[in-house]
Amino acid sequence: MVPSSPAVEKQVPVEPGPDLELRSWRCLVCYLCFYGFMAQIRPGESFITPYLLGLDKNFTRKQVTNEITPVLSYSYLAVLVPAFLLTDYLRYTPVLLLQGLSYVAVWLLLLLGRTVAHMQLMELFYSITMAARIAYSSYIFSLVQPARYQRVASYSRAAVLLGVFTSSVLGQLLVTAAGVSFSTLNYISLAFLTFSVVLALFLKRPKRSLFFNRGAAGREPSASASELERMNPGAGGKLGRALRAVCGDSVLARMLRELGNSLRRPQLRLWSLWWVFNSAGYYLVVYYVHILWNEVEPTTNSVRVYNGGADAASTLLGAITSFAAGFVKIRWARWSKLLVAGVTATQAGLVFLLSYTRHIWLCYAAFVLFRGSYQFLVPIATFQIAASLSKELCALVFGVNTFFATIVKTIITFIVSDIRGLGLPVRQQFQLYSVYFLLLSIIYFLGAALDGLRHCQQGRHQPLPLAEDLRSPAEEKAALALSVQDKDLRNLPPAQSLRLSPEDGLGAAGPGSGEQRQSDLAPAPQAAGFLSPVPAPSAHTPGSAQASGPDSAAETCPQPAVHPPGVGTLGLQRHLSVSVQNVSQ
């Protein structure tokens, strides 16, 4: 009989049921994915360059290449770190709202601006939208439990890719099939972006974030210290101890300590370097490829411009290769550099083709393959970097990698593209970009070759078994059965030790007897270590593979390759059968 007292009634937790909680997070994730989809519906984005070079704006190709587009790299470098910190400090939704408003400002300047300064300001607002993308990618993790991270991340990524694909296809259909002008297309984009700003107003603001707003509910033991500090309490060295002494447990000090500790991991260094240098070259190609297409096919007829189709095809191929990358199963510690080198060499060839071809369809195809090859390595790099890191450290590493990639991209832009630097035409820029990727692939190939040479040297220095210890397969099986029974005999009490009759004396089975019993000598679990390709111990070693204790040297079985006098083959076969049955049991 259960007593019904107030104390017992208070013990009943008043919490929402699992069905209500499940419906709640599903609704939040669905709404966020819908917002992510609608924020990508910008059908005029694929046609911005022909719009600026056309009769609507009438800018020259030199102005667009050397004065307007370089501002995007400079402004992105300036706003990246503040956007990263504000995203966490303001808890995502204000930065998402800022992103939507910046998109609206971009298209207003596109439609109303008339000067180079207006277009440069447009690039500034566009860089804010790029820097604020981290708010969407990290906001979804604050809505659900860690067990659902992988699923909701795939949902949000799929929503973005579907939005980009739909936007590109819609823009291409409106231009090619309906004959819509570039100016009208930009007004349609402005309408969609205004709707996405309204959606951002209703996004739920989370109560915690990764660094600045880590409430009691969000504090996890795994997030209180870096991964390496838990594995090695002494990690961090003098720099870590100095930061702890000066700055205590402040957010900045902890971020710097974790950054210094993470640099000790070889795979992390490799994929971080790939992220820095290859993504810098990738975005330079993406920024200027539309200008190259306009030079290859300088037409004012909007119906013959297929930029939207090329962007849609590259997005679709990128999604397919990203999905396929999840099924690649190789030994990453050995083959990572070779894989990166091969993909980078392919990218170098595709960029070289872009810089020299005079056929627009070859340009489209080369860009689609180039973008797909990059997107193939992105999920691999993401997994290799984040496999053994906490989510705080993972966000920090990705932020630092993106920052350094932006620095590299800005330096190259200033030297190659800016009018204050070399100010090269777009074709010569792509020639230099192909050399850039070629140099990266050579470096990766050299690293892979050094790793292979080191592996071969390590394999050559491994000790080989002595000639007298080499045995035939039949002798190996006979020795296995004898060793197992010898182990069983040692485990018996002394008074119950098994005494063998003279006709069952130990000996070695010849090739014929071993073949006769091959069907009965199935390897048992205990035999796995014996049959593994490990060098057999030499005759001078004080122990053997069968030894299990300090006295095992005296009880080691004699070499099975020698026939003692007076031992019958039939007795040995009976003895082996009993031994194998004991092993099977």
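Which residues does leucine 109 touch, not counting residues up to four places away in sequence? Leucine 109 touches His118, Met119, Leu121, Met122 and Phe125. The model is predicted, and the protein in it has 585 residues. There are 23 helices and 0 strands. The points below go from the whole chain to single residues.

**The whole protein**

- Of the 585 residues, 44% count as buried.
- The exposed surface comes to about 30,600 Å², and carbon and sulfur atoms supply 65% of it.
- Among the contacts with a separation of 6 or more, 84% are accounted for by residues 24 or more positions apart.

**Confidence in the prediction**

- The protein has a mean pLDDT of 75, with 65% of its residues at 70 or more.
- Residues 1–16 have a pLDDT below 50, and this stretch has 1 contact in the model beyond near neighbours in sequence.
- Residues 216–240 also stay under 50 in pLDDT. For this stretch the model has 35 contacts beyond four places in sequence.
- Where pLDDT is low, the predicted coordinates should not be read in detail.

**Helices H9 and H10**

- Helix H9 covers residues 149–176 and helix H10 covers residues 182–200.
- The axes of H9 and H10 come within 10 Å and cross at roughly 145°. The crossing of H9 past H10 is right-handed.
- On the H9 side, the contact is made by Leu170, Gly171, Leu174 and Val175. On the H10 side, Phe182, Leu185, Ile188 and Phe192 take part.
- The residues of this contact divide into 7 nonpolar, 1 polar and no charged.

**Serine 196 in helix H10**

- Serine 196 is found in H10. It counts as buried because its relative accessibility is 2%, and buried means under 20%.
- Not counting residues up to four places away in sequence, serine 196 touches Tyr35, Met38 and Ala39.
- Serine 196 and phenylalanine 37 are 159 residues apart along the chain, while their C-alpha atoms are separated by 9.1 Å.

**Helix H6: serine 102 and leucine 109**

- Helix H6 runs over residues 93–112, and serine 102 lies in it. Leucine 109 also has its place in H6.
- Serine 102 has a relative accessible area of 2%, so it is buried.

**Threonine 410 in helix H18**

- Threonine 410 lies in helix H18, which covers residues 391–417.
- With a relative accessible area of 11%, threonine 410 is buried.
- Leaving aside neighbours within four places in sequence, the contacts of threonine 410 are with Ser73, Tyr74 and Leu77.
- Along the chain, threonine 410 and tyrosine 74 are 336 residues apart. Their C-alpha atoms are separated by 6.1 Å.

- Most residues other than glycine have a negative phi.
- Asparagine 58 is not a glycine, yet its phi is positive, at about 60°.
- Asparagine 58 is found in the loop between helix H3 (48–53) and helix H4 (61–68).
- Is asparagine 58 buried or exposed? The residue is exposed, with a relative accessible area of 57%.
- Arginine 91 is not a glycine either, and it has a positive phi of about 65°.
- The loop that holds arginine 91 is between helix H5 (70–89) and H6.

Notes: Residues numbered from 1 in each chain as written. Predicted model: local features only at pLDDT ≥ 70, side-chain atom pairs only at ≥ 80, totals over all residues. Heavy atoms only, no water. pLDDT = per-residue confidence, 0-100. Contact = heavy atoms within 4.5 Å. Axes fitted to C-alpha atoms, helices over the stretch in contact; angles between N-to-C directions. Helix = DSSP H or I, 4+ residues; strand = E, 2+ residues; numbered from the N terminus. Left-handed = near helix turned anticlockwise from the far one by under 90°. Nonpolar A, V, L, I, M, F, W, Y, C, P; charged D, E, K, R; others polar. Buried < 20%, exposed > 50% of the residue type's maximum accessible area, 1.4 Å probe, protein only. Areas by Shrake-Rupley, 256 points an atom, 1.4 Å probe, with all protein chains shown as cover.
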